Amino acid sequence: MAHTSRNTNTMEEATPGSSGYLEMYPERKVSYFKNPYILGVTAAAGIGGLLFGYDTGVISGALLYIKDDFEAVKRSSFLQETIVSMALVGAIIGAATGGWINDVFGRKMATLSADVVFALGSIVMAAAPDAYVLIFGRLLVGLGVGVASVTAPVYIAESSPSEIRGSLVSTNVLMITGGQFLSYLINLGFTEVPGTWRWMLGVAGVPAAIQFCVMLFLPESPRWLFLKNRKEEAISVLSNIYDYDRLEDEVDYLTALSEQERQTRKNIRYMDVFRSKEIRAAFFVGAGLQAFQQFTGISIVMYYSPTIIQMAGFNSNQLALILSLIVAAMNAAGTILGIYLIDHAGRRKLALTSLSGAILALAILSAGSYLQTSDSSNRIYGWIAIIGLALYIIFFAPGMGPVPWTVNSEIYPEEYRGICGGMSATVNWICSVIMSQSFLSISDAVGLGGSFLILGIIAVVAFLFVLLFVPETKGLTFEEVAQIWKRRAWGEDQNTQSLLEQGNQS
């Protein structure tokens, strides 16, 4: 093996993929479209995001027709909320167990298991004779989505060169928003077909079956293979990602790193996350981003956009679905912009810009909804609310859509990546349940305008959180990111020691 890049003064400069390494060897840098293999792996893993997005969007349109078939659902806001949120309950369980499945069985096996459960849930929903069987099918689908939400970002991140890792992980978010757009398109296509909502929900099993078949032919994550001492398999995978010169350095570096990790590795338990200052700091940021992604309202907008549009004064089911389709298309387009910006502008700046725009949009949406409620005969107020909804998506999609998932895929050490990724995704799903289960009830209590005013206040808090706590991880290797938490933990210890010394002197 060649060791040319090891003859530098610091480990940071020698790390393959680090800024110092790529400055020394710019010809070894991998561009987004340079390697079809990387794009293929990303697209295949991203089908998990497509399932996530499709399930998010499809129920919003299907619910309009489920109410027509099941009188009990039509009469009960709670039952409607339960049908929507039961998938999120399943996702909480799936995300919580998904980290363990990823660590023990690997990213590939986790993906395959998620596909099987999701496809089964789709069949149950399509054949449901009543609301309660439908709710059970939603639970199964949620289990699959939860595991996939943990697995896809980690699998993509661990198969990606660090210089384009953010863009590739964001492609998974594009698949989520693409799935949402596809769901509204399919919802609109089935509005005149007998069985309407059964087709809408049943079609979801098709991409799960496709991903299952494709994943059978794809390799495991090279980082996981190194950790499991399956070096030859890992090298085979890496040879598809890097050219020969960089491959040598990557293999040398990952071999040394995996040896260190195996020597220090222990059976990680959930409480271990909170015992280490470094991991605790990383998890605080990762889980906080996931929580604020939901608490700033994206689940409400995507699950209930047809309902919101009808509450804004547009009563036609088809018109509500058409306008929702436009919103979903804007979401997907915004995510494409985010894919470019996340590795150019950076994660932190992108999140701050996104939240600034979302605050403005929620203010417009709140004002339009309030005015429309006060004077329902004036359609202009309804259109103001729709404009606010569109602006919200325009600003949210490029930033707070991909940033939480990207940051969570790269801020944890290898031995904690599965369990912390699962825990932070669980936080996301719990917050999503809270939002989707309470939205209609809160809107009944304080009005649609009041609901969006609350979301705007939360978005201000989210802006302050990112400003104060979220570091920039653009272009950093996993090991360089780990140094951020070590410095923060060391700084905390230094401050504590300084205070103790001052107290002793006084």
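In which helix is F274 found? The model open in the viewer is a predicted one, and selecting F274 shows this residue in helix α14, which covers residues 272–275.

**First stop: F274**

Keep F274 selected and display its surroundings. Apart from residues up to four places away in sequence, F274 touches R280, F283 and M423. F274 and V41 lie 33 Å apart in space, with a separation of 233 residues in sequence.

**Second stop: the nonpolar cores**

Select I66, W197, L201 and Y392. Within the largest nonpolar core, which has 106 residues, these four touch the most other members. Then colour helix α21, residues 414–469: this helix supplies 17 residues, the largest share of this core.

Centre the view on I66. Which residues does I66 contact, leaving aside neighbours within four places in sequence? Its partners are I59, V73, I83, L134, W197 and L201. Two of these partners, W197 and L201, also belong to the group that touches the most other core members.

Select residues 107–126 for helix α6 and residues 131–158 for helix α7. Their axes are 8 Å apart, and the two helices pack at an angle of about 155 degrees. Angles over 145 degrees count as roughly antiparallel, and α6 and α7 are therefore roughly antiparallel to each other. The crossing of this pair is left-handed. Colouring by residue type shows that the contact of α6 with α7 is made up of 18 nonpolar, 7 polar and 3 charged residues.

Move to N229, located in the loop that lies between α11 (222–227) and α12 (231–238). Is N229 buried or exposed? N229 has a relative accessible area of 54% and is exposed. The backbone deserves a look as well: phi of N229 is near 65 degrees, which is a positive value in a residue other than glycine.

Select helix α16, residues 298–311, together with helix α17, residues 317–342. Their axes come within 9 Å and cross at roughly 135 degrees. That angle makes α16 oblique to α17. The crossing in which α16 passes α17 is right-handed.

To display the contact itself, show these side chains:

- From α16: M302, S305, P306, I309 and Q310.
- From α17: N317, A320, L321, L323, S324, A328 and N331.

By residue type, this contact divides into 7 nonpolar and 5 polar residues, with no charged ones.

**Last stop: L174**

Finally, select L174 in helix α8, residues 165–189. Beyond its neighbours within four places in sequence, L174 is in contact with A332, T335, I336 and I339. At 22% relative accessibility, L174 counts as partly exposed, because the limit for buried is under 20%. L174 and N428 are 18 Å apart in space, C-alpha to C-alpha, and 254 residues apart in sequence.

Notes:
Residues are numbered from 1 along each chain as its sequence is written. This is a predicted model: local features need pLDDT of at least 70, side-chain atom pairs count only at pLDDT 80 or more; totals for chains, interfaces and linings use all residues. Side-chain values use heavy atoms; hydrogens and water are left out. A nonpolar core is a set of buried Ala, Val, Leu, Ile, Met, Phe, Trp, Tyr and Cys residues joined through side-chain atoms within 4.5 Å. Buried means under 20% relative accessible area, exposed over 50%, partly exposed in between (1.4 Å probe, protein chains only). Helices (H or I, at least four residues) and strands (E, at least two) are DSSP runs, numbered from the N terminus. Contact means heavy atoms within 4.5 Å. Axes are lines fitted to C-alpha atoms, for helices over the stretch in contact, and angles run from 0 to 180 degrees between N-to-C directions. Angles under 35 degrees count as roughly parallel, over 145 as roughly antiparallel, 65 to 115 as roughly perpendicular and the rest as oblique. A crossing is left-handed if the near helix is turned anticlockwise from the far one by less than a right angle, and right-handed if clockwise. Ala, Val, Leu, Ile, Met, Phe, Trp, Tyr, Cys and Pro count as nonpolar, Asp, Glu, Lys and Arg as charged, and the others, Gly among them, as polar.
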